[in-house]
Protein chains: 2
Amino acid sequence: MSVTYPLGFRAAGMSAGLKPSGRPDLALLIGDPGTTVAGLFTTNRVAAAPVRYCKEVLSTDRGRALVVNSGQANAATGERGEADVRTTVAAAAEALGLEPADMLACSTGVIGEPLHLDAMLPALPPLAATLSRDGGADFARAIMTTDTVEKQATADAAAFRVGGCAKGVGMIAPNLATMLVFVTTDAAVSSGDLQRLADEQLKPRFNALTVDACTSTNDTVLVFASGAAGEGSQVAPGAAAWDALGGALGEVGESLLSQLAADAEGANHVLLIDVEGAATEHDARVVAKAVADSPLVKTAAFGGDPNPGRILQAVGSSGVDVDPANIDISIGDVRLVENGVIPPAYFGHDSLDMAARVAMKEPEIRIYVSVGDGPGRSRALGCDLSYEYVRINGEYTT
Amino acid sequence: MSVTYPLGFRAAGMSAGLKPSGRPDLALLIGDPGTTVAGLFTTNRVAAAPVRYCKEVLSTDRGRALVVNSGQANAATGERGEADVRTTVAAAAEALGLEPADMLACSTGVIGEPLHLDAMLPALPPLAATLSRDGGADFARAIMTTDTVEKQATADAAAFRVGGCAKGVGMIAPNLATMLVFVTTDAAVSSGDLQRLADEQLKPRFNALTVDACTSTNDTVLVFASGAAGEGSQVAPGAAAWDALGGALGEVGESLLSQLAADAEGANHVLLIDVEGAATEHDARVVAKAVADSPLVKTAAFGGDPNPGRILQAVGSSGVDVDPANIDISIGDVRLVENGVIPPAYFGHDSLDMAARVAMKEPEIRIYVSVGDGPGRSRALGCDLSYEYVRINGEYTT
């Protein structure tokens, strides 16, 4: 059901011919009049044209409809890219009977390749004609690039519904330039409060995937609230339903996050790196990210080799000032580094070694790192580095 | 000839049984009385016990002999590791007829595994008995881990000789915990001046491989000056021979660097990333490193796919504040990004696309990134990410 599970939304998706493969590549979403929107965007300095455009729309407190294309990212396209977004948005607005100022736009695909407007523009009116309350799945499919499955989630919060979908498959650094996440609810929430919900419930979750150092040019999270649940649908901080709504948003976010992780390119294992005891949350995030991104840790995960020395090396090389004597590391329940020291027993091929190997072969490998007694904690999600990852990314061209 | 090419040095190497493979794993180097030493060390917060020990010796202005073992890194070994260095050094000093304060020590191998002192200590006296002017190659072989070839270089500077050897094969983040580089000269140089030569001639070169974000626990560069070239061998800044000596040191460093890059694990291509126009050298280095470390750029190199969008994405995600409109990128002689824009012609499979593909298939792939008109410039060395890299690091255990 994805984005059309909540009341007040219609969606559609189709193949417009933007992708050489002929797969679905154009999608529309529209919320009832009065729909509010909030967003989270990539911190990459080379942000795509649609990202800059969306930020502009959000600053005007408008935007209740969305056009998404897959195939071309419209990043690194300069002034032409800026113009192409406006051309797209004008055509989509006309097809939907809206003003251009009501339209948001997202793109995902090859960086640098200009949008195939010749294919996209004529497809918008027929696509708009198919918008429906059942269009969520079509929408979810049309935003995919190298994703192997569509990613959808729903949750209920008291009298309200929350739905969402996402695309993205690169866990290291999103391939094809994007993680896109769209979440809807039929609660009525002011755009300011909706931004707060996005910041509180979605940002920390998706930051685990999109920390500063590896965001793509197009990463975008958009949240829409239609208010279509009817009388008494207004939700604000302090209201009884605020926490329930936040919980449901978080639930949808968590589900989409897991689906993104599970569909990572060529991955056999998801890495969950929990860091605690850092001076600040930022420090904890940097350490967690250093471990999740370490090619040596990732190949060790692929090989099922616990290799605590590689984890320790990644922690030490993160740039965060840590005292080795305070570092503890566990894989699953198995403590492999204590006060910066790997127990010599680990190298005796005894039960410690064996238990760690079992933990390292789980589909979800959980690595716990404590770097002191500070309040900073954070989680990073990663995946193993497999032959398949090299194949997908080495062979991919368009 | 490596470290014994200059006069005043003797070296030796042997198999002491530290490695399960039975390959050479223990090495000694000694300089004539009066030999001075300087060093560069890892910035990893989890520095190995021998790194901390060497820094201590250098601060006392002593250290004219060196014991190196491969097989165990003696990192993450805590107090036991500290004690093991001192035990090793005491035994080596006794075998060489020196005081322990004259000894330096380096280790490379598995992180966390304690040194196999039971095998190492009895081997030191017989190893010392084989020290010779011809021992440079044996020394170079005994410090190897997953290296496929020993890395040696020599150069001449007026009346002086410079020699060196190195080990290390991981370009992304050194595997088996170490890049070790040892350079010798028979000029007479005070330890302060020798440190200056190391800082000026070797640090910028090896920093291209060992930038902060990916140093291992054991990375070490040591430079020894014996003064054995005879009368008038004293060299100091301002002396006629100073520049020649610096040039020869740089030449040896450059050769070892290339040999390290060429032997990178599973690599088919060396990536040379030159960044210019950054606000500072530091910023340039961070950007260069972000490109060299990007798994998407590395797999693209493996696949022979220029993919300028991935390079641009890596530049934008480095964390350095760059203006996309100022970014130019070339691969070899082929300009693929101009003012932040990828020429649409690139996607037309025309001559631009083809020329870039040719440049991307060179053994040495040269990527030039200009991010503005600032004075900061830097180079990073990397390599492609291949199936073979995943195999080596996924299967490696001990």
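This is a predicted model: local features need pLDDT of at least 70, side-chain atom pairs count only at pLDDT 80 or more; totals for chains, interfaces and linings use all residues.
## Overall form of chain A

Chain A contains 11 helices and 14 strands. Its radius of gyration is 22 Å, close to the 21 Å that the globule rule gives for 398 residues, so chain A is as compact as a globular protein of that length. Taken along the principal axes, the C-alpha atoms of chain A fill a box of roughly 70 × 50 × 35 Å.

Of the 398 residues in this chain, 63% count as buried. Among the contacts in chain A that link residues at least 6 apart in sequence, 79% are between residues at least 24 apart.

## Domains of chain A

The domain assignment divides chain A into domain 1, covering residues 2-262, and domain 2, covering residues 270-395. Between the C-alpha centres of domain 1 of chain A and domain 2 of chain A the distance is 33 Å.

## The five-stranded sheet of chain A

Chain A has an open sheet of 5 strands in the order 3-9-8-7-6, with mixed pairing. The edge positions belong to strand 3 (36-41) and strand 6 (151-157) of chain A, each of which pairs on one side only, and the twist from one strand to the next averages 15°. In general, the strands of a sheet pair through backbone hydrogen bonds, in either a parallel or an antiparallel manner. Strand 6 of chain A and strand 7 (160-167) of chain A pair in the antiparallel sense, over 7 bridges, and within this pairing A:Ala157 has A:Phe160 of strand 7 as its bridge partner.

Two helices that pack on this sheet can be described in turn. Helix 1 (49-59) of chain A touches strand 3 and strand 9 (220-225) of chain A, and its direction makes about 140° with that of strand 3 of chain A. Helix 6 (240-262) of chain A packs on the sheet where it touches strand 6, strand 7 and strand 8 (180-185) of chain A, with a direction at about 160° to that of strand 6 of chain A.

## The five-stranded sheet of chain B

In chain B, an open sheet of 5 strands likewise has the order 3-9-8-7-6 with mixed pairing. Strand 3 (36-41) and strand 6 (151-157) of chain B stand at its edges, and because each has a single partner strand, one side of each is left without a neighbour in the sheet. On average, and with direction ignored, neighbouring strands of this sheet are turned by 15° against each other.

Helix 1 (49-59) of chain B lies across strand 3 and strand 9 of chain B, and runs at about 140° to strand 3 of chain B. Helix 6 (240-262) of chain B lies across strand 6, strand 7 (160-167) and strand 8 (180-185) of chain B, and runs at about 160° to strand 6 of chain B.

## Contact between the chains

The contact between the two chains takes 57 residues from chain A and 57 residues from chain B. On the side of chain A that touches chain B, helix 8 (295-303), helix 9 (308-316) and helix 11 (387-395) of chain A each supply at least two residues. Sorted by class, this side of chain A has 29 nonpolar, 22 polar and 6 charged residues.

Note on methods: Residues are numbered from 1 along each chain as its sequence is written. Chains are lettered from A and ligands numbered from 1 in the order in which they are written. Domain bounds come from an automatic or database domain assignment. Two residues are in contact if their C-beta atoms, placed from the backbone, lie within 7 Å. Helices (H or I, at least four residues) and strands (E, at least two) are DSSP runs, numbered from the N terminus. Ala, Val, Leu, Ile, Met, Phe, Trp, Tyr, Cys and Pro count as nonpolar, Asp, Glu, Lys and Arg as charged, and the others, Gly among them, as polar. Two strands pair if DSSP finds at least two bridges between them. Axes are lines fitted to C-alpha atoms, for helices over the stretch in contact, and angles run from 0 to 180 degrees between N-to-C directions. The radius of gyration is taken over C-alpha atoms; the globule rule is 2.2 Å times the number of residues to the power 0.38. A residue is buried if 20 or more other C-beta atoms lie within 10 Å of its own, exposed if 12 or fewer, and partly exposed in between; C-beta atoms are placed from the backbone.
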